[in-house]
Amino acid sequence: MIEIDRVSKAYDTRVVVDDLSLSVPEGAFCVLLGPSGCGKSTILRMINRLAPFDAGVIRVGGEDVREVPPEILRRRIGYAIQATGLFPHWRVEDNIATVPRLLGWPRRRVRDRVEELLQLLRLDPETYRRKYPHQLSGGEQQRVGVARALAADPDLLLMDEPFGALDPVTRLALQGEVLRIQQQTKKTVIFVTHDIEEALRLASVIAIVERGRLAQWGTPLDILENPASAFVAEFVGGEGIGLHLLALRKVADRLRPDETADGEPLPSETSLRDALAAMTRRRTDRLPVVDAAGRPLGAITLGDLVR
Ligand code: ADP
Ligand code: MG
């Protein structure tokens, strides 16, 4: 659990984090979402003590971060950033091994861990371990950056717009990897982005940040359904909010039980957005719905999607 308790920070006289309180439960995938300059990176950097703060307390696993020596703290907290921060003159394996070596792991264990992480990030160890960062694509560099952040198996992973510079296809692939790894390992992740689509795809819980304050905290569905202010409503999509909601809700939520329809059935876990796409493609306004085992559950209509 990470607790940010009434924390404030100013640069000179400008307050950039303003009496912020936030608790991130163990195992959450928390996304800090807000416009550029609202203080997201500063918040992450206060957690791992790259940035000092003026007031309040931050606790990680119950421990006040200011009572842990910064280098010890940073070995326990994975950190991945947009510009990867890979050391250009070090091979992939040496980059990934940075923290394990600082921790004095035996060679054999470091080697095995590098191999395991390359596989986890779907980089073939034989092909990649001896390459230098400049020999990799942007997406591969980010994979190595994520592997390095995970190297010493930290309980907490801080990610600062790690995929911001990638093309949409690579970005989608890496979002999928991070989500899979988080679900497998149950690590707590705090992920910064200004991209609502990315936030909705990843978050179990979203914190919306507005000028260094918490504007809203909740699940993606909470926030889209009940934006707490005009700022939040505008930021999470304005007029497009309905489309985001379609992507989050499932056919199961709008099902007409026991009714029937013709055509290839939709699994009940299909998003309403995909259901809409299927109806448009097949030129129909009604489709049957089945459960994961293919048993009929009912039907859904075009009207149900937008109700
Ligand atoms: P975000 O990550 O949400 O874009 P940041 O946390 O990077 O926002 O920055 C918050 C505010 O603090 C911005 O106005 C930024 O200009 C300012 N800021 C960030 N770092 C520094 C610094 N080292 N010195 C002075 N001002 C800074
Ligand atoms: Mg930032």
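## Cysteines

Cys30 counts as buried because its relative accessibility is 0%, where buried denotes under 20% relative accessible area, exposed over 50%, and partly exposed in between, computed with a 1.4 Å probe on protein chains only. Cys38 is likewise buried, with a relative accessible area of 3%. The structure holds zero disulfides, a disulfide being a pair of cysteine sulfur atoms within 2.5 Å. Cys30 takes part in none, and its nearest cysteine sulfur, in Cys38, is 13 Å away. That separation of 13 Å between the sulfur of Cys38 and that of Cys30 is too far for a bond.

## Basis of the model

This is a predicted model, in which local features need pLDDT of at least 70 and side-chain atom pairs count only at pLDDT 80 or more, while totals for chains, interfaces and linings use all residues. Residues are numbered from 1 along each chain as its sequence is written, chains are lettered from A and ligands numbered from 1 in the order in which they are written, and side-chain values use heavy atoms, with hydrogens and water left out.

## The sheet containing β1

Strand β1 (residues 2–11) is joined to β2 by seven bridges, and the two run antiparallel. Ile4 stands opposite Leu22 in β2, and Tyr11 has Arg14 as its bridge partner in that strand. Two residues lie between the strands of this β1 and β2 hairpin, where Asp12 takes a positive phi near 55°.

## Nonpolar cores

A nonpolar core is a set of buried Ala, Val, Leu, Ile, Met, Phe, Trp, Tyr and Cys residues joined through side-chain atoms within 4.5 Å. The largest has 48 residues, of which Ile96, Met159 and Val236 touch the most other members. Helix α7 (residues 138–150) gives the most to this core, with five residues. A second, separate core of 31 residues includes Val7, Leu22, Val65 and Ile77.

Leaving aside residues up to four places away in sequence, Ile96 touches Val114, Leu117, Leu118, Val144, Ala147, Arg148 and Ala151.

Another open sheet has four strands in the order β11-β14-β13-β12, with mixed pairing. Its edges are β11 (256–257) and β12 (266–267), each with a single partner strand, so one side of each is left without a neighbour in the sheet. Two bridges join β11 to the antiparallel β14 (residues 296–301), and Gly298 in β14 is the bridge partner of Pro257. Helix α13 (residues 272–282) packs on this sheet, touching β12, β13 (286–290) and β14, and its direction makes about 130° with that of β13.

In helix α12 (residues 241–248), Ile241, His244, Leu245 and Leu246 are buried. The cover over the buried residues of α12 includes α9 (196–202), α10 (220–225), α11 (230–235), α13 and α14 (302–306).

Key:
Two strands pair if DSSP finds at least two bridges between them. Contact means heavy atoms within 4.5 Å. Axes are lines fitted to C-alpha atoms, for helices over the stretch in contact, and angles run from 0 to 180 degrees between N-to-C directions.
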